[in-house]
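Subject: The structure I promised you

Hello,

Below it I have written up what was found.

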Amino acid sequence: MRVLVLGSGVVGVTSAWYLAQAGHEVTVLDRQPGAGMETSFANAGQVSPGYSAPWAGPGIPIKAMKWLMMRHRPLVFWPQAKGGLYPWLARMLANCTEGAYATNKARMVRIAEYSRDALLALRAETGIQYDQRTQGTLQLFRTQKQLDAVQADVAVLRESGVPHELLDMAGCIAAEPALARVAEKFVGGLRLPGDETGDAFLFTQRLAEMAAARGVVFRQGVSIQAIEHAGGEVTGVVTDQGRFTADRYVVALGSHSTALLRPLAVSIPVYPVKGYSLTLPVRDADAAPVSTVMDETYKIAVTRLGDRIRVGGTAELAGFSLKLRRPRRETLEHTLTDLFPDAGNPAEAQFWTGLRPMTPDGTPIVGPTRYRNLFLNTGHGTLGWTMACGSGRLLADLVSARAPEIAHDDLALARYAPA
């Protein structure tokens, strides 16, 4: 079959790869000049199935109010009259229950663990390199209250069979020796030895090259204007470079999927949650992290990418604004200099922002729509790269009418249908 994939971020490119592997004739459209140029460009660098958890959970409304009052706050809110923020927030708040949290986390861990296995297989098959490290991730707790609160997550990890280690201060230092320099600033951590790190942009670019070598056609610099439909199916995609047709269509445009689908009466609750990052050279390797350290207090990840450090985080609700705001940079710099003060010079860092496509329940939307030949692969939030290979492989199975290897009905858009 001919399949048209809309979007060449990490999710779109992995979708194209697995569709081509399944024997389809694949074309990818994207407005950017190359693959991985938007949200995949400078993310936190984590492949973290063990850290897959919804933002919506018990106690989050109260925590959010406290976060908004912090100087280095992990959550920033800009009131907006348009853009769908308030209905999205209402749905998110509805998921802030113990039952919803357990259900959503189990879904997320399922697709993320499957994705990790798919990534391992892909790496073994192709030898793809992207500054990867396979030394796990460490969620660092500055207070005993944070350490005690992680028990709910540990229960889900245990139930899902995800390897994990609850560590005291000494255990954290054994995993990340540079933390010995600031031992007084934390009490313990949760280590996820199965998690990985790497450069999502390098991965996306190199996988796109491999996909192109196997016949996938990438049409970059193409502005997608509309999806045409008739008789319950998509009939074509209108762009500034003409009309494209296929047998099957896949929307993998991240936060931009929502507006494109709206004229088709396909309503997806995906909102752009803005994140920021710093990328800087390592100055002292012994003072830098060996993998990823997640500062639980500020929700900031510090990741080692070869001879670079990536510091990423913050959730800013500001619509589609890409303005680089100085206070967000100061928050990223604070975590870096507080935990790894001699690792690198923040003044040398590249400051970047991107829009994460977030659903209210944290789970991506992967699967069919009301149109028989239109499929979605979007809404991965902060875990786009973590879930990309698994989502792409699942999507390829669904498009090919093959039985997927994991349960998938609750990953599709239908889970948002009225009861």
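Two residues are in contact when heavy atoms of theirs lie within 4.5 Å. Please keep in mind as you read that this is a predicted model.

R248 is buried, yet it has no salt bridge. The nearest side chain of opposite charge belongs to D247, and it is 5.8 Å away. A salt bridge needs a side-chain nitrogen of Lys or Arg within 4 Å of a carboxyl oxygen of Asp or Glu.

Helix 3 spans residues 85-94, and its buried residues are L85, W88 and M92. Looking down the axis of helix 3, these buried residues fall within an arc of 70°, so they line one face of the helix. An α-helix has 3.6 residues a turn, so residues three or four places apart point the same way. The cover over the buried residues of helix 3 includes strand 4 (75-77), strand 14 (271-281), strand 17 (308-317) and strand 18 (350-358). On the face turned away from the buried side, helix 3 carries the exposed residues P87, L93 and A94.

Helix 3 also holds Y86, which is partly exposed with a relative accessible area of 41%. Together with L68, M69 and F77, Y86 makes a nonpolar surface patch of about 410 Å².

In helix 6 (residues 151-160), the buried residues are D153, V154, V156 and L157. Seen down the axis of helix 6, they fall within an arc of 160°, so here too the buried residues line one face. Helix 4 (98-126), strand 6 (165-168) and strand 7 (188-192) are among the elements that cover them. R158 and E159 are exposed on the other side of helix 6. After helix 6 comes G161, whose phi is positive, near 75°.

Now for the charged pairs. How many salt bridges does a search of the whole structure find? The search finds 28. Here are three of them.

- R110 and D410 form a salt bridge, with their closest N and O atoms 2.8 Å apart. R110 lies in helix 4 and D410 in the segment after helix 11 (384-399), so the pair ties together parts that are 300 residues apart in sequence. R110 is partly exposed, at a relative accessible area of 24%.
- R308 and D199 meet through their side chains in a salt bridge of 2.9 Å, N to O. R308 lies in strand 17, while D199 is in the loop between strand 8 (196-197) and helix 8 (200-213), so this pair ties together parts that are 109 residues apart in sequence. R308 counts as partly exposed at 21% relative accessibility, whereas D199 is buried at 4%.
- E333 and R329 also meet in a salt bridge (2.9 Å, N to O). They are four residues apart in helix 10 (residues 326-339), and are thus separated by about one helical turn. Both are buried: E333 has 16% relative accessibility, and R329 has 11%.

One last item to look up: R107, R110, D361, D410 and R415 are linked in a network of salt bridges.

Enjoy exploring, and write back with any questions.

Best wishes

Technical notes:
Residues are numbered from 1 along each chain as its sequence is written. This is a predicted model: local features need pLDDT of at least 70, side-chain atom pairs count only at pLDDT 80 or more; totals for chains, interfaces and linings use all residues. Side-chain values use heavy atoms; hydrogens and water are left out. Buried means under 20% relative accessible area, exposed over 50%, partly exposed in between (1.4 Å probe, protein chains only). Helices (H or I, at least four residues) and strands (E, at least two) are DSSP runs, numbered from the N terminus. The arc is that of the directions from the helix axis to the C-beta atoms. Patches are made of residues with over 30% relative accessible area and no salt bridge: like charges are joined within 9 Å, nonpolar side chains (Val, Leu, Ile, Met, Phe, Trp, Tyr) within 5 Å. Accessible areas come from the Shrake-Rupley method with a 1.4 Å probe; for residues, only the protein chains shown count as cover. Lys and Arg count as positive and Asp and Glu as negative; His and the chain ends are not counted.
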